[in-house]
Amino acid sequence: TAVTRLVTGAFSFSGQVCIHAQRIFVQKNVYQAFLEQFIKETRALKIGDPMEEATDIGPMITEKEAERAKLWIDDAVKNGAKIEVGGDRKGNILSPTILTDVDRNMKIIAEEVFAPIVSVIPFDTEEEVIGYANDSIYGLQAGVFTQDIDRAIRVADQLEIGGVWINDISTYRQDNIPYGGVKQSGVGREGIKYAIEEMTELKFIGIKLK
């Protein structure tokens, strides 16, 4: 379930969405099995015209943006990252790219990539992954996949993030939720109730009785 949903989270909209799944942290005891299946399902994606129903991933918005994303990949590889799949560009089409052996200081990790690029990172403990996840200037949305509901709530509570989905991807939203982030991921919240509040001028009227 996590693999299938995260393929969608990493590569839908060609990664050009603010809640794109950019970093995937996988516990070491399932890391290799996850990575193999994730690569397999990514390779099966069809690249093409987004107007065609069979297409899974289309072009980036401009060739300039595709060039920029490719430079980020090249910089990560130069500094030790490994391309598991993808990494090539043709015009404004950047193939779905999976990176491993990444470092938290790489631009591909530290900044918003806004492209069909995802890094898969192993971790040992719950405390370790919370530290990794919170080590960011951003904090918009995340997903936690686990069969332990106590762990899910405990981790979600400690994440410095505006919204956390349990057993679903970060690349999901509903208009009625308080959608928004912390740190450099925006101010305030979107959503029906919150939009009404933003467009409402509060007025106080006090009556003083003798």
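## Helix H2

In this predicted model, helix H2 comprises 16 residues and reaches 23 Å from its first C-alpha to its last, a span close to the 22 Å expected at 1.5 Å a residue.

The buried residues of H2 are Tyr 31, Phe 34, Leu 35, Phe 38, Ile 39 and Thr 42. An α-helix has 3.6 residues a turn, so residues three or four places apart point the same way. The partners against which the buried residues of H2 pack are helix H1 (2–11), together with the strands E1, E2 (82–85), E5 (97–100) and E6 (117–123).

## Aromatic pairs

Four aromatic pairs are found in the structure. In one of them, Phe 25 and Tyr 132 are stacked, with 5.9 Å centre to centre and 20° between the planes. Because Phe 25 belongs to strand E1 (residues 23–27) and Tyr 132 to helix H5 (residues 126–134), this pair ties together parts that are 107 residues apart in sequence.

Another of the pairs, Phe 34 with Phe 38, is likewise stacked, at 5.4 Å centre to centre and with 20° between the planes. Both of these residues lie in H2 (residues 28–43), where they are four residues apart, about one turn of the helix. Phe 34 and Phe 38 are both buried, and together with Phe 11 they form one aromatic cluster.

## Charges over rings

Two arginine side chains can be described in relation to aromatic rings. The charged end of Arg 68 sits over the ring of Trp 72, at 4.7 Å from its centre, while Arg 173 lies over the face of Tyr 179, 3.8 Å from the ring centre.

## The surroundings of Ser 170

Ser 170 is placed in the loop between strand E9 (163–166) and strand E10 (182–183). With a relative accessible area of 8%, which is under the 20% cut-off, Ser 170 counts as buried. When residues up to four places away in sequence are not counted, Ser 170 touches Ile 19, His 20, Ala 21, Gln 141, Ala 142 and Gly 143.

## The annotated span

UniProt, in an unreviewed entry, lists residues 2–205 under "domain: Aldehyde dehydrogenase". In the model, the end C-alpha atoms of residues 2–205 lie 53 Å apart, and the span is 35% helix and 18% strand.

Notes. Residues numbered from 1 in each chain as written. Predicted model: local features only at pLDDT ≥ 70, side-chain atom pairs only at ≥ 80, totals over all residues. Heavy atoms only, no water. Phe/Tyr/Trp six-rings, centres within 6.5 Å; stacked < 30°, edge-to-face > 60°. Helix = DSSP H or I, 4+ residues; strand = E, 2+ residues; numbered from the N terminus. Buried < 20%, exposed > 50% of the residue type's maximum accessible area, 1.4 Å probe, protein only. Lys NZ or Arg CZ within 6 Å of the ring centre and 35° of its normal. UniProt positions renumbered as here; feature names shortened; annotations may be inferred. Expected span 1.5 Å × (residues − 1). Contact = heavy atoms within 4.5 Å.
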